[in-house]
Amino acid sequence: MSILLKVDNVHTYIGQYHILQGVSFEAKAGEVSVLLGRNGAGKTTTLKTIMGLTPATSGKITFDNKSIEKNPTYDIATGGIGYVPEDQGIFGALTVEENLKVAMRKEDDAALARQEYVLELFPDLKKYWKKDGGHLSGGQKQMLSMARAFVNESKLLLIDEPSKGLAPVVIEKVMEAINEMKKQTTIILVEQNFIMASKIGDTYTLIDDGETVQSGLMRELIDNEELKRKYLGIG
Amino acid sequence: MELLINLLINGLATGMLIFLLAAGLTLIFGLMDVLNFAHGGLFAWGAFSGVWFYGLTNSFTLAILGAILTGVVLGFITEKLIIKPVYGNHVQQILITLGFMIVLSEMLKVVFGPNQLAAKTPPLLAGSWEIGDVIIIKYRLFIIIIGFIVFGIFQFILKRTKIGLVVRAGVMNKEMVQALGINIKKVFLYVFMAGAALAALSGVLMAPYSGVIYAEMGMEFAILAFIVVVIGGMGSFPGSLLAAILVGLAGSFMAYYVPALSLAVNMMLMAIVLIFRPQGLFTAKG
């Protein structure tokens, strides 16, 4: 499989703080790559840096054979990267319908068909079509955020902690949706819930103190008790 | 009864003029997080350019269009040269926009002369109707109607169009709007130009209402507009309308019944709202 995204020795400062101190990994087309690590390791900043929200100070980010580390966020998004932030980024005073409408870059037949598809994927959104985003439950907000990122034809989806704060039954639904999405797009997932990550992920990258520690196949990590204990505090 | 109706119409007309000025300000602050103290300067330029266009064409419609065009052009220049370099820094925004406000006022004196200018009411809108004992001044009614029409148009744009949705979404979460592939800086520019156009419209409508215009008029009305934005809620269009009407009516009634308090009433209104509802009467954030 071809490499869709390559992050090469990326450093990022937020204010005076040196958050990413050499993150490198690759995401192959059609796979789910999971970024793992403790709280504060730099996983969320890595996704934000790919999106240009906290631009890289140095290093290279190549997406679809184009260098994107200097591009503005909107350009990166229109280039084919969808983003589901940790806080879901729902526009609370807009309805579900309006949230999706803001996200849809074209409103042609293909886009509307895609909207229908995401509504089949997340039937709750159809049910609460005219409800304000701010009045949805945590799980519904997560679904709306994912639907919004998926409603355009993105080659890559960045999903930040989709299970955070959700009830186990909702996590199951979110997992099912991600499994469905991975049939159509490449996904980079940040996830603290290792059970969920190990079920969905094809590859992993361990990040610790803003640096890549190790990358590899998820099935290898599942069997590596020492690595899990040392960097994830489990096992 | 007739006195109450007259005070009501006066208050509503003043409120609508303040609303038109505050509407731009609230959008600019709500979406762009920019404290634009030069907004009053755009209002004054609207008044002067409107009077100039009226003198040139003898058409009040062309005067309004000319003033709006002046506002749009000045808005474009102000955003590009003055506001863009200071996004995200409130202190610098206050300093540079206050400075630019003075520049705009002084430029008016350079272009139109240092003296006050008389502003005539167009013949069609001059005079009044008498209904029973109630005297309705035509021009005030015209301002009220224009205010509601502008409110309706902007509400339609904000609620029913894609650009309106983007603006509302941008007020709530700018970062997310960009992550959805929208160039928020371009949206900022459009909103700033629209806000400047509204300020200029308010200025050109104010000219015949007050009869005279002067270079410093911008600062006086900008203060009222800021009070309205605080009362109505930052970024809220309906909030600005309600607050502007409240400020207009309070000013009108207090000036008649308790003249000594007519200047303080706006500050009192703002203080009451800030004590009981610090976020303003409405909120645009989700």
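This is a predicted model: local features need pLDDT of at least 70, side-chain atom pairs count only at pLDDT 80 or more; totals for chains, interfaces and linings use all residues.
A residue is buried if 20 or more other C-beta atoms lie within 10 Å of its own, with C-beta atoms placed from the backbone. Residues are numbered from 1 along each chain as its sequence is written, and chains are lettered from A in the order in which they are written. Local features need pLDDT of at least 70 and side-chain atom pairs count only at pLDDT 80 or more, while totals for chains, interfaces and linings use all residues.

Ile18(B) touches Phe221(B), Leu224(B), Ala225(B), Val228(B), Ala244(B), Val247(B) and Gly248(B), leaving aside residues up to four places away in sequence.

Chain A comprises 10 helices and 10 strands (DSSP runs numbered from the N terminus: H or I of at least four residues, E of at least two). The C-alpha trace of chain A spans about 45 × 40 × 35 Å along its principal axes. Buried residues make up 43% of chain A.

Strand E7(A) is largely enclosed by the rest of the structure, because 5 of its 5 residues are buried. Leu156(A), Leu158(A) and Asp160(A) lie on one side, Leu157(A) and Ile159(A) on the other. E7(A) pairs with E6(A) in the parallel sense over 4 bridges (pairing requires at least two DSSP bridges). Here Ile81(A) stands opposite Leu156(A). Strand E8 (residues 186-190) of chain A also runs parallel to E7(A), joined by 5 bridges. Leu157(A) has Ile187(A) as its bridge partner in E8(A).

Helix H6(A) covers residues 138-150 and reaches 18 Å from first to last C-alpha, close to the 18 Å expected (1.5 Å times one less than the number of residues). Of its 13 residues, 12 are buried, so H6(A) is largely enclosed by the rest of the structure. The buried residues of H6(A) pack against elements of chain A including strand E6 (81-84), strand E7 (156-160) and helix H7 (168-181).

Key:
Two residues are in contact if their C-beta atoms, placed from the backbone, lie within 7 Å.
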